[in-house]
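Please look over the sequence and the model before reading the notes. The briefing is grouped by topic.

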Amino acid sequence: MPEHVEVRLPDGVRLHVETTGPADAEVTVVLLHGWTLDARAWHRQLADLRDRFGDAVRVVAYDARGHGRSSCMALPTATLAQLGDDLAAVLDEVAPAGRVVLVGHSMGGMTIMEYAHRHPGHFAARTAGLVFVATTAEGHTHTVYGLSPRIARLIRLAETTGAGVLARCGSWCPPRALLRALRPSIRWMLFGDGCDPHDIRLVTSAVARASLRSIGGFRASIGSQHRLETLTGLTHLPAAALVGDRDRLTPPPCAESIAAALPATELTVCPGAGHMLMMERPDEVNAAVAGVLRRALAAAGSGVPGDARPG
């Protein structure tokens with residue numbers, strides 16, 4: 001059973017953190033969820049890591065500030081820069097020793113890049129591998145929602161204007177009745193050709209837990225972040241990048257630019273999949289995480305449990 005920990009940050013924000021595995025493990029996997037989601041998005045990966053590796057690794061998953069069961073924050077701290085600082089603080093608190101493999105979906109992947117940019121010494125001392133799932137290092141450069149560029153510009157204008165309004169709504173959360181009505185739109189935006197009804201319910205539930213301040217407040221820094229140069233300094237690390245060819249938010253060019261910055265990265269393009277690869281293509285994501293993790297364990301000199309499954 002996971003252990004539930006509360007990490008209190010210097011500005012008073014409380015993060016809900018779940019850990020499994022021994023505290024003295026040589027390698028810890030840290031799972032970072034996307035914008036408006038929470039750590040439950042990784043439930044299939046959490047189960048797979050337990051099955052594959054048992055107590056050979058420690059696994060950490062947490063809700064970002066303003067998301068899930070973590071507390072809301074002051075609007076000026078609704079930035080990727082702050083999320084990078086939060087990641088460093090979480091590692092110091094719940095995984096202070098050993099190496100880490102960082103796995104980030106969407107905003108979570110951008111958080112990893114910000115951590116590397118803002119805390120290069122800390123990052124270098126701790127990080128043994130990277131997995132980027134449906135994320136980008138170029139803000140909204142490639143985001144056209146699967147539409148024509150002209151329509152995409154109009155949608156982005158409406159989205160950013162709306163985000164500014166939501167950011168001023170504080171710790172209130174979206175009404176569940178409204179989210180149920182918007183479920184077809186959420187499904188279109190986040191999923192590809194297929195969608196398990198359980199997954200869309202989970203995603204809708206996660207959005208219902210996110211504060212309006214976080215839904216609106218993080219939009220500006222997510223759209224403007226550019227960290228390809230930071231990635232070029234990480235070429236020594238084992239890494240993987242995955243993207244769905246139906247992803248409307250971080251389409252294939254986003255993953256391709258990450259792979260170009262990290263030439264040793266294993267790039268996987270999932271046909272028919274959208275933005276929620278952890279749910280839509282769990283086998284591919286699980287295999288990518290396991291592959292990077294095995295390389296990190298080997299480098300740490302740890303014995304790796306037998307596993308006949310590929311990846």
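Predicted model: local features only at pLDDT ≥ 70, side-chain atom pairs only at ≥ 80, totals over all residues.

Residues are numbered from 1 along each chain as its sequence is written, and side-chain values use heavy atoms, with hydrogens and water left out.

**Nonpolar cores**

- A nonpolar core here is a set of buried Ala, Val, Leu, Ile, Met, Phe, Trp, Tyr and Cys residues joined through side-chain atoms within 4.5 Å. Buried means under 20% relative accessible area, exposed over 50%, and partly exposed in between, with a 1.4 Å probe and protein chains only.
- The largest nonpolar core has 48 residues, and V103, V133, V203 and L293 touch the most other members. Helix α14 (residues 282-300) gives the most to this core, with 8 residues. Helices (H or I, at least four residues) and strands (E, at least two) are DSSP runs, numbered from the N terminus.
- Apart from neighbours within four places in sequence, V203 is in contact with L37, I186, L190, F191, M276 and M279; contact means heavy atoms within 4.5 Å.
- A second, separate core holds 41 residues, including I112, L234, L237 and A261.
- In soluble globular proteins, nonpolar side chains tend to be buried together.

**Helix α12**

- Helix α12 (residues 252-261) is largely enclosed by the rest of the structure, because 7 of its 10 residues are buried.
- The buried residues of α12 are P252, C254, A255, S257, I258, A259 and A261.
- Their cover includes α3 (107-118), β6 (127-133), α11 (228-231), β7 (239-244) and β8 (266-270).

**Helices α7 and α8**

- Helix α7 (residues 183-190) packs with α8 at an angle of about 105 degrees, and their axes are 10 Å apart. That makes α7 roughly perpendicular to α8. Axes are lines fitted to C-alpha atoms, for helices over the stretch in contact, and angles run from 0 to 180 degrees between N-to-C directions. Angles under 35 degrees count as roughly parallel, over 145 as roughly antiparallel, 65 to 115 as roughly perpendicular and the rest as oblique.
- From α7, R183, I186, R187 and L190 meet I200, R201, V203 and T204 of α8. The residues of this contact divide into 4 nonpolar, 1 polar and 3 charged. Ala, Val, Leu, Ile, Met, Phe, Trp, Tyr, Cys and Pro count as nonpolar, Asp, Glu, Lys and Arg as charged, and the others, Gly among them, as polar.
- T204 lies in helix α8 (residues 197-209) and is buried, at a relative accessible area of 5%. Not counting residues up to four places away in sequence, T204 touches L179, R183 and I186.
- G194 sits in the loop between α7 and α8 and is partly exposed, at 41% relative accessibility. Beyond four places in sequence, G194 touches R187 and E280.
- The C-alpha atoms of G194 and G274 are separated by 8.8 Å, although these residues are 80 residues apart along the chain.

- S106 has a phi near 55 degrees, a positive value in a residue other than glycine. S106 is in the loop between β5 (99-105) and α3, and is buried at a relative accessible area of 13%.
- A134 has a positive phi near 45 degrees, and is likewise a residue other than glycine. A134 is in the loop between β6 and α5 (149-167), and is buried with a relative accessible area of 0%.
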